[in-house]
Amino acid sequence: MIRQTHRPLVWLILATLLAYVSYLSFKAYLNPDFLIGYANMFSC
Amino acid sequence: MVLMLSVGTRQSFGLFLQPMTLELGWTRETFGFAIALQNIVWGLGQPFAGAIADKFGAARVIVAGGIFYALGLLMMAHSTTGLAFDLSAGILVGLGLSGCGFGVVMGVVGRAAPPAKRSAALGLVGAGGSFGQFAMLPFGQSLISNFGWLSALLVLAATSLVIIPLAAALAGRNTAAHAGSQSLSAAIREAAAHKGFWLLTVSFLVCGFQTLFIMIHLPAYLVDQGMSPTQGMTALALIGFFNIVGSYGCGLLGGHYSKKYLLVWLYSIRAVAISLFIALPLSTFTIWGFGITMGITWLGTVPLTNGLVAQIFGVKYLSTLFSIVFLGHQIGSFLGAWYGGLMFDLTGSYTTVWIFCIVLSVLAAALCVPVDERDVTLLRAAESKP
């Protein structure tokens with residue numbers, strides 16, 4: 001179990017990681033390869 | 001994290017359409033049939049997976065789901081015929097998704113969390129799945145671009161194996177399975193006789209219809225209207241990102257306010273957002289506004305609908321009952337993707353489908369109002385007292 005005192009640190013690390021991956025994902029959505037790949041995809 | 005991997009990875013399958021069909025000489029129909037089969041197997045298999053999870057514990061079901069999922073991805077990479085692809089991408093991955101998709105995972109969390117915190121916990125799980133959908137799509141494309149489709153599938157297969165140790169951590173926590181004397185068939189009969197169960201299923205079908213229609217046809221719609229493909233992708237990225245916020249936010253709100261009225265608000269906001277989107281002249285501002293609003297309301301329906309099923313019918317058979325409701329979502333998803341394309345082919349525009357989406361939103365909001373949110377177990381107990 002995570003100690004009570006370490007919890008804010010764990011949440012901070014997770015939030016930073018989430019923000020970084022979100023930034024990379026946002027950038028990747030606008031990548032030309034992705035635009036072409038998405039134009040050719042379909043799912044349901 | 002299980003949902004992040006299972007639902008997220010699945011989101012990227014469409015990206016394999018072009019490279020696989022080109023290299024293996026398949027038609028798009030070959031690929032499309034396997035993906036359609038996967039959705040049917042997922043939708044139909046989930047109530048059974050949910051029932052097994054409710055009866056014998058979710059950990060084993062999720063482990064089995066993870067194995068099917070990884071095996072399916074591995075076989076997808078080595079499929080050279082349409083039949084092999086149907087078996088791998090269609091049946092194995094479909095079974096994998098049944099085992100480690102929304103129904104089973106949310107059932108575990110719904111049971112483990114105390115009633116006061118259940119909605120927020122479900123929202124957090126929904127946010128995990130939403131984050132997977134948001135991040136795994138460009139991750140899949142990046143793998144294909146850098147290593148080719150075959151290696152990309154092998155990497156995804158290896159990644160999905162992480163589901164197995166994650167599921168093992170859930171072992172032995174299904175304490176609700178032995179609570180009460182109601183059998184599974186009696187619980188299903190009770191739910192089937194409850195008007196609210198079907199109202200929730202139909203409103204969830206509307207959710208599936210709208211989300212898949214927008215996901216698949218929005219970029220094409222924006223390009224048809226003279227906007228750039230980049231703006232279409234920006235809208236999808238905004239939907240994906242704000243879906244994370246919306247899933248958790250709706251879960252949190254569900255712990256404090258009536259879930260059915262939150263659903264009414266959610267579908268009503270969608271109706272207004274779609275109306276404004278098609279009525280106002282398109283601009284970066286309207287596209288961003290639409291993306292953010294739809295993102296916030298995107299899968300916020302999942303913790304609220306799941307929370308309502310738990311609140312009304314209890315958590316003992318939550319995986320089974322929510323999986324049946326989720327089947328409605330899957331049928332809606334299939335119809336949204338198909339009807340959008342069909343109407344475009346018939347009329348040359350998406351206007352009819354957008355209007356249909358508004359009508360459906362209003363209908364879904366109206367359907368949620370009469371849902372009786374009271375706990376049936378308490379009602380049953382009150383009725384049995386002399």
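Guide: Helices here are DSSP runs of H or I with at least four residues, strands are runs of E with at least two, and both are numbered from the N terminus. By that rule chain B has 18 helices and zero strands. The model is predicted, so local features need pLDDT of at least 70, side-chain atom pairs count only at pLDDT 80 or more, and totals for chains, interfaces and linings use all residues. Residues are numbered from 1 along each chain as its sequence is written, while chains are lettered from A and ligands numbered from 1 in the order in which they are written.

Take helix α15 of chain B, residues 301–313. It has 13 residues and reaches 18 Å from its first C-alpha to its last. That is close to the expected 18 Å, where the expected span is 1.5 Å times one less than the number of residues. In α15(B), 13 of 13 residues are buried. A buried residue has 20 or more other C-beta atoms within 10 Å of its own C-beta, placed from the backbone; an exposed one has 12 or fewer, and a partly exposed one falls in between. After α15(B) comes Gly314(B), with a positive phi near 85 degrees.

Now the surroundings. Leu321(B) is in contact with Val309(B) and Phe313(B), and also with Ala187(B) and Ala191(B), leaving aside neighbours within four places in sequence. Contact means C-beta atoms, placed from the backbone, within 7 Å. Val309(B) and Leu321(B) are among the residues that touch the most other members of the largest nonpolar core, which has 134 residues. Such a core is a set of buried Ala, Val, Leu, Ile, Met, Phe, Trp, Tyr and Cys residues joined through C-beta atoms within 7 Å. α11(B) gives the most to this core, with 16 residues.

Across chain B, buried residues make up 57% of the 386. Of its contacts with a separation of 6 or more, 85% join residues 24 or more positions apart. The C-alpha trace spans about 70 × 50 × 30 Å along its principal axes.

Chain A has two helices and zero strands. Its 44 residues are 20% buried. The contact between the chains takes 18 residues from chain A and 29 from chain B. Several helices of chain B each supply at least two residues to that side, including α3 (28–56) and α16 (318–347).

Definitions and conventions
Two residues are in contact if their C-beta atoms, placed from the backbone, lie within 7 Å.
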